[in-house]
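Let's take a walk through this chain together. Have a look at the picture first, and then we'll go through it step by step.

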Amino acid sequence: MADPRQQQQQQIQPTEAMKSLVPQKGPSKSQVLAVVTLFPVGGALLCLAGLTLTGTLIGLVVATPLFLLFSPVLVPAVLTIALAVTGFLTSGAFGITALSSLSWIINYLRGPAREQLEHGKRRVQDTAGTMGQRTRETGQKAQEAAGGRT
């Protein structure tokens with residue numbers, strides 16, 4: 001059996017677990033600056049969002065009677081415009097999909113062979129450079145050895 005002291009050391013107390021979640025030091029200067037800068041900006045944007053919502057609701061309340069009066073004309077017009085916009089967007093999406101598919105097929109058919117050829121060229125150039133350097137080093141060593149004998 002294990003020693004009771006070891007079991008107590010292995011168990012983490014709840015207060016110690018909470019302490020590990022809380023940072024030991026305070027926030028850095030950049031964090032404080034970020035909060036001080038962004039808090040007013042966030043508040044201003046929240047106020048603007050509230051004003052926009054209020055204006056939208058007031059506009060809707062004012063315009064609702066007009067929508068009811070002109071609904072026999074507006075509803076078919078809105079439906080026609082919505083269907084036309086949907087058709088144009090769908091057509092564009094299908095066109096972009098077709099072009100990207102064709103581009104992928106062309107790159108798939110052409111790409112790997114060209115990439116392998118370029119990779120092969122680079123390897124040959126690297127090998128030639130390495131061999132040239134080794135040849136120069138060997139020539140220098142041979143000259144030094146020949147110069148040391150005479």
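Accessible areas here come from the Shrake-Rupley method with a 1.4 Å probe, and for residues only the protein chains shown count as cover. By that method the chain's accessible surface is about 14,000 Å², with 69% of it belonging to carbon and sulfur atoms. Keep in mind that this is a predicted model, where local features need pLDDT of at least 70, side-chain atom pairs count only at pLDDT 80 or more, and totals for chains, interfaces and linings use all residues. Residues are numbered from 1 along each chain as its sequence is written, and side-chain values use heavy atoms, leaving out hydrogens and water.

Now for the fold. Helices (DSSP runs of H or I, at least four residues) and strands (E, at least two) are numbered from the N terminus. The chain has 4 helices and 0 strands. Helix α1 (residues 4-10) has the lowest mean pLDDT of the elements, 56, while helix α3 (residues 29-69) has the highest, 89.

Leu69 counts as exposed because its relative accessibility is 63%.

Notes:
pLDDT = per-residue confidence, 0-100. Buried < 20%, exposed > 50% of the residue type's maximum accessible area, 1.4 Å probe, protein only.
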